[in-house]
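Please look through the sequence and the model first.

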Amino acid sequence: MMAKKKHTTITHPHYACAIGAAYTVSAIPGAVPIINCGPGCVDQQYFTMSFCNGFQGSVGAGGGDIPGTNSGENEIVFGGAKKLDGVIKSALKIMKGELFVVLSGCSPQLVGDDAASVIKPYREQGYPIVHAEVPGFKGNNLWGHEEVVLAIIDQFVGDAKGVHRRRKLINLWMGAPYFNTFWRGDIIEIKRILEAAGFEVNVFFGSESAGIEEWKSIPKAAFNLVLSPWLNLRVAKHLEDKYDQPYLHIPVLPVGEEAAAAFLRQVVEFAGIDNTKAEKFIEKEAKRYYYFFDHFADFFAEYWFGFPSKFAIVGDAAYNIALSKFLADQIGLIPVGQIISDNTPVKYREEVAALYDELSEGVYGNAEFIEDGYLIEKKISEYDFGSSTPLILGSSWEQDVAKEKGAVLVEVGTIATEEVVLNRTYIGYTGALQFIEKVYSAAVSN
């Protein structure tokens, strides 16, 4: 008997296509993406990852300003190399950039266009241009993000002969720009914390990055810091092989004073530097943090009986575990279910699920990997939140099921159409307080 074909269409995905990695490039100051794919592909990713994800906006070579081939029937039949060459030539002439990244999507990959050969003459002329193959049939935007980062490292950063390592310099790898709704604020907070302990920090995206020069200094770092459950691990392992550069993997984003202090001490210990500066910073931040937290406790003690006591969360692996731990351990809420929606690679799932084994003393999570929005809604509708108002941390896709359950919905990931996000974070010392404000403002409003 012939086996039934597995149905692979999904509803309301919580991620974008691999070509969405164009916004990894857009997030690098001085970098210009050049898109080699069909018309409309990148525009759709912009709406998923930026416009409908906190209305993050774009500057420079982003949004509607990304040069592309808009490959059509002619390129499918006769090949698109000539058209790509013309677009590259125009982009180099018109666009102001220190690095150009050609990203090939589905159509050129299906017909076998050799984009690497097209860019070769430009590289030989000294133009800073690299190429990454990111067709959507191979993965989502998180896979594409890693592919682009690896392409820049191998084709632009190059070897590390004669490079002197700086003992206190760290390469920071956390999240994916734009996909993480709060990426800009997150980078600012983590860099602030690390610098306060005496480190120098290479960040490669956003307002805190020096752009191309920072990428060039990757081999100079003492080590790579991967701050996520799984994303960018592939990058760190590649850098270990390429430059013999060690990495520290901290799978849970620090949220709140206890987690932030533990995070900083772990990094300092790994680096082997004096901890005096770090401890003074931790003491100062704790004093400020608990000043505000104590005032919140006064409010919470008065109105707790009307607030959520149980929560569920839908989101990417990084924010999912970080917020689950904070709510369970620091606020005392009870987890009902955690749905990881970023299509975490199978090889990482067992390790990611183990992070939920003990969210707090005697409190355990129940992580499930579901990427279909319809199945996610169905699962949430089955959760038992008891008699209290449910708290659902998720995306705009969960609005309907939140209404059905009479829940407080706080959008913490892709997509987020009810949020305008400029410089906000929910991690570290600053972010935890902002997260408390957001959750309980929503609860009061509800």
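The sections below describe the nonpolar cores and some features of the backbone.

## Basis of the report

The model is predicted: local features need pLDDT of at least 70 and side-chain atom pairs count only at pLDDT 80 or more, while totals for chains, interfaces and linings use all residues. Residues are numbered from 1 along each chain as its sequence is written, and side-chain values use heavy atoms, with hydrogens and water left out.

## Nonpolar cores

A nonpolar core is a set of buried Ala, Val, Leu, Ile, Met, Phe, Trp, Tyr and Cys residues joined through side-chain atoms within 4.5 Å. Buried means under 20% relative accessible area, exposed over 50%, and partly exposed in between (1.4 Å probe, protein chains only). The largest such core has 123 residues, and Leu 194, Phe 199, Trp 215, Leu 225, Val 267 and Leu 393 have the most contacts inside it. Helix H13 (residues 317-331) gives this core its largest share, ten residues. Helices (H or I, at least four residues) and strands (E, at least two) are DSSP runs, numbered from the N terminus.

Beyond its neighbours within four places in sequence, Leu 393 has contacts (heavy atoms within 4.5 Å) that include Ala 312, Leu 323, Val 410 and Phe 435. A second, separate core has 15 residues, among them Ile 34 and Tyr 122.

## Backbone features

The peptide bond between Thr 414 and Ile 415 is cis, with omega about -5 degrees. Ile 415 is in the loop between strand S12 (408-411) and helix H17 (428-445).

Tyr 178, a residue other than glycine, has a positive phi near 70 degrees. Tyr 178 is found in the loop between strand S4 (166-173) and helix H8 (183-196), and counts as buried because its relative accessibility is 5%.
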